[in-house]
Structure formats: structure tokens, C-alpha cells
Amino acid sequence: MDERLWLPPLPGAPEVLIECPRFSFVKRRADGAVDFVSPLPCPYNYGSIPGLTSDEGDPLDAVVMGPRLPLGQRLRVPVVGVIGFVDAGRGDPKVVCAAAPLTAAERAGLERFFRVYARFKQVLHRVRGNVPDTRFTGWLPLPAPVPDVAPGATARRAP
């Protein structure tokens with residue numbers, strides 16, 4: 001597996017912070033600043049898992065399936081899948097959380113969304129003067145769950 005797609009240890013039901021409610025047009029950075037405004041609404045609740053980071057250095061991204069959730073809501077939801085994604089040459093996996101296992105249609109929808117999202121991000125990087133490796137890489141193996149991670153703890157790759 002691509003070393004950039006390394007995933008920190010995850011609890012079975014991590015706390016997710018909603019940063020982009022379902023059907024929102026605005027994608028924010030980890031610091032709350034606007035990253036971009038999408039021409040299409042996001043079909044999923046999008047956020048992060050506070051205290052855990054991906055290879056890119058930002059909080060680990062999470063998608064929460066289900067109805068629209070309010071901006072800023074924190075909730076614990078079981079991990080049901082992990083999508084491999086590389087953004088600007090750095091590993092940026094997406095942890096998929098839901099109350100029930102994903103259906104084949106939901107898996108296909110997530111794949112379509114992240115393939116299109118990768119294309120959009122490629123264009124955005126080019127407009128900003130960069131041409132890095134940005135792509136959807138497919139589904140990653142589900143990690144074995146670990147006990148809850150203490151708030152504020154940062155997961156790092158073992159030496």
C-alpha cells in the first residue's frame with residue numbers, strides 16, 4: 001500500500017466534527033478558513049476527527065452518511081469504510097462513518113463523488129499554480145478498532 005495512505009489508529013466510533021453539512025457549497029480548511037466554494041453541493045456530511053492527523057498534516061477527514069447535520073456538531077459514529085485519497089501529493093484518506101454498513105449503492109456513490117472531487121481538486125491546484133498528484137485511490141482495508149483516543153491526542157506514524 002502507498003505509504004502516504006497510512007491511517008492512524010481509530011476508535012470503532014470516533015468523534016466527528018461536522019465542518020461541511022450535507023448539501024453545503026462551502027469547503028473549509030481545518031482552521032475554519034474557506035478553502036473553496038463548490039459549484040455543486042456536497043452530498044455528504046463532511047468533517048474531521050479531532051486529534052488525529054493524516055499524512056498531509058490536517059485533521060483526519062471523515063464523511064458521515066445520513067441526513068444533514070448542523071455545522072459544528074460533534075457526534076460519535078461507527079467507522080464503516082476508508083477511502084484512499086491523495087491530495088497535493090500527500091495522503092488524505094477519508095474515514096466513512098455510518099450507523100449501518102454501507103450498501104452497494106452507497107459505496108458506488110462515494111466512489112463517484114471522490115473521483116469527481118479529485119478532478120475538481122486537480123483543477124483547483126492548477127489554478128493556484130500547482131500540479132501535484134491528486135487522486136482517488138480506492139477503498140482501503142478497515143483498520144482494527146482501538147479504544148477511544150483521548151481528546152487532543154495526535155496520532156503519529158510509528159518509527
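Me: Which residue does lysine 121 meet in a salt bridge?
Reply: The partner is aspartate 87, with N to O at 3.2 Å. The pair links distant parts of the chain: lysine 121 sits in helix 1 (residues 104–127) and aspartate 87 in strand 7 (residues 79–87), 34 residues apart. Keep in mind that this is a predicted model.

Me: Is lysine 121 buried or exposed?
Reply: Lysine 121 is buried, because its relative accessible area is 5%, under the 20% cut-off. Aspartate 87 counts as buried too, at 8%.

Me: How many salt bridges does the structure hold?
Reply: Six. One of them joins lysine 94 and aspartate 92, with the closest N and O atoms 2.8 Å apart. Lysine 94 is buried at 0% relative accessible area, and aspartate 92 is buried at 2%.

Me: And what about aspartate 133 and arginine 135?
Reply: Their side chains form a salt bridge as well, at 2.8 Å from N to O. Aspartate 133 is partly exposed at 29%, and arginine 135 is partly exposed at 30%. Elsewhere, salt bridges with shared partners tie Asp61, Asp92 and Lys94 into one network.

Me: New topic: where does aspartate 55 lie?
Reply: In the loop between strand 4 (45–53) and strand 5 (59–64). Aspartate 55 is buried, at 14%, and its side chain reaches the backbone nitrogen of glycine 91 at 3.1 Å.

Me: Last one: how many bridges join strand 1 to strand 4?
Reply: Three, and the two strands run antiparallel. Cysteine 20 stands opposite tyrosine 46 there.

How values were computed
Residues numbered from 1 in each chain as written. Predicted model: local features only at pLDDT ≥ 70, side-chain atom pairs only at ≥ 80, totals over all residues. Heavy atoms only, no water. Helix = DSSP H or I, 4+ residues; strand = E, 2+ residues; numbered from the N terminus. Buried < 20%, exposed > 50% of the residue type's maximum accessible area, 1.4 Å probe, protein only. Polar contact = N/O pair within 3.5 Å; in protein donor to acceptor, adjacent residues only side chain to side chain. Pairing = 2+ DSSP bridges. Salt bridge = Lys/Arg side-chain N within 4 Å of Asp/Glu carboxyl O.
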